[in-house]
Amino acid sequence: MLFSRHALLTPSLVSLLLTGSAVADDARTRARDALQTLQGWYNPQSGIWDTCGWWDGASCMNTVADLAALDPSVMDTAKYVFNNTFHVGPVSNPNPGPEKKTVFTRDNQPSTSVNASLWLDQAYDDDAWWALAWIAAYDVTKEGTYLELAEGIFESLADAWGTNCSGGGLPWNPTSTYVNAITNELFLSVAAHLANRVPDRKAYYVRWAQKEWDWFTSQAFISENGTINDGLLSNCQNNAATVWSYNQGVVLGGLVELNRAAPNNTYLPSANKIAKAAIATLADSNNVIHEFCEPQCLPDGTQFKGIFIRNLKMLQKASPHDIYRKVISSCANSIWDNDRNEKGQFGVNWAGPIQAVVDASTHSSALDALVAAVAALTN
């Protein structure tokens, strides 16, 4: 006997499905409204958002791309931002790097459409933020020029390989010997992302990502409780510095992408261990993430938590856990209910109340949580 699939839907199940749909619609509406508010800071002349720094601008762009990937109704806004920033953004580069890189197209011919050196500011972590932003823009537009730019930035990063810690990894910048976690996590993430998007060079990018991760895990970045500290001392031991949320986040996205490119039975378990340790360390009793610098996190800490949630969203899709869903939902709901001013702008303390500066950085970071909530409800 054949049964209609719809005949199995009881009234209570129909009600549950309708409720879930309404919740998802509400999450999308919140994120759209927050994007419109963020765009109030966007400066067409500078190519980034007023009150944001250079690398924060890259993070903002990544947030816009992530929302566009989930909600086609904001695609026009996203495409406008990507195109405008691509053409004028370098005027905001505070310290253009000296590197002059030739970027090759898919036909192995020198590209005349991109100049990666315009996006380098002699801080390797900043460079990598822009590489990830342009990869995110490519993902939603399939504009090959954006991917070529990310590849060019990556080559500059790869040229910096080698520190006093076992001869591997990247230093913070060309004039520093400091070996920090975020720069190396970003290098891992950029390489792994490119491995999944550049088929003819996949093996090349996989090798770099695996080389970075093998070196990273052989160093003292990860503490006994599973969290990642800021960096290494001159003797290559853990510096016991602040457990910043973004150091717990970027590595998650990198491992998800690396596992997608070259599946391995250790990558996702490693990501899950770090994510759960981070939540145990950074979440309050309501599952809302906090930064140790709150409420005064200027100039950079205002961006960090959104980056953690952005990458936790990626891990939740690849390796779902109830605690990740709870954290994403709790953060998004608390931001909307407790951390929003009369202009619809979000502050740095997601549990509320707003106590310090509200700007494009605090707002875009919170928007990452709203975008993650949309993804959790629709994936």
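Where does Pro295 have its place?

View 1. Pro295 has its place in the loop between α9 (267–282) and α10 (304–318), where helices (H or I, at least four residues) and strands (E, at least two) are DSSP runs numbered from the N terminus. A cis peptide bond with omega of about 5° joins Glu294 and Pro295. Pro299 is also found in the loop between α9 and α10, and a cis peptide bond joins Leu298 to Pro299, with omega about 0°.

Residues are numbered from 1 along each chain as its sequence is written, and side-chain values use heavy atoms, with hydrogens and water left out. This is a predicted model in which local features need pLDDT of at least 70 and side-chain atom pairs count only at pLDDT 80 or more, while totals for chains, interfaces and linings use all residues.

**View 2. Confidence along the chain.** The protein chain averages a pLDDT of 92, and 91% of the residues score at least 70; pLDDT is the predictor's confidence in each residue, from 0 to 100. Over residues 1–7 the pLDDT is below 50, and this stretch has zero contacts in the model beyond near neighbours in sequence, a contact being heavy atoms within 4.5 Å. Where pLDDT is low, the predicted coordinates should not be read in detail.

**View 3. The largest nonpolar core.** This core has 121 residues, and those with the most contacts inside it are Trp49, Phe82, Trp130, Trp134 and Ile309. Its largest share, 13 residues, comes from helix α4 (residues 124–141). A nonpolar core is a set of buried Ala, Val, Leu, Ile, Met, Phe, Trp, Tyr and Cys residues joined through side-chain atoms within 4.5 Å; buried means under 20% relative accessible area, exposed over 50%, and partly exposed in between (1.4 Å probe, protein chains only). Not counting residues up to four places away in sequence, Trp49 touches several residues, including Leu38, Trp41, Cys60, Val81 and Ala360.

**View 4. Two of the aromatic pairs.** The structure holds 31 aromatic pairs, counted where rings of Phe, Tyr and Trp (its six-membered ring) have centres within 6.5 Å, with planes under 30 degrees apart taken as stacked, over 60 as edge-to-face and the rest as tilted. Trp54 and Trp119 form a stacked pair, 5.8 Å centre to centre with 20° between the planes. This pair links distant parts of the chain, 65 residues apart, with Trp54 in helix α2 (residues 54–70) and Trp119 in the loop between α3 (75–88) and α4. Trp54 is buried at a relative accessible area of 6%, and Trp119 is buried at 2%. Phe82 and Tyr146 form an edge-to-face pair, 6.4 Å centre to centre with 80° between the planes. Phe82 lies in helix α3 and Tyr146 in helix α5 (residues 144–158), 64 residues apart, and both are buried.

**View 5. Asn341 and its surroundings.** Asn341 has its place in the loop between α11 (322–338) and α12 (360–378) and counts as buried, at 19% relative accessibility. Its side chain reaches the backbone nitrogen of Lys343 at 2.9 Å, and a polar atom of the Asn341 side chain lies 2.9 Å from the backbone nitrogen of Gln345. Leaving aside neighbours within four places in sequence, Asn341 is in contact with Ile354 and Val358.

Technical notes
Polar contact = N/O pair within 3.5 Å; in protein donor to acceptor, adjacent residues only side chain to side chain.
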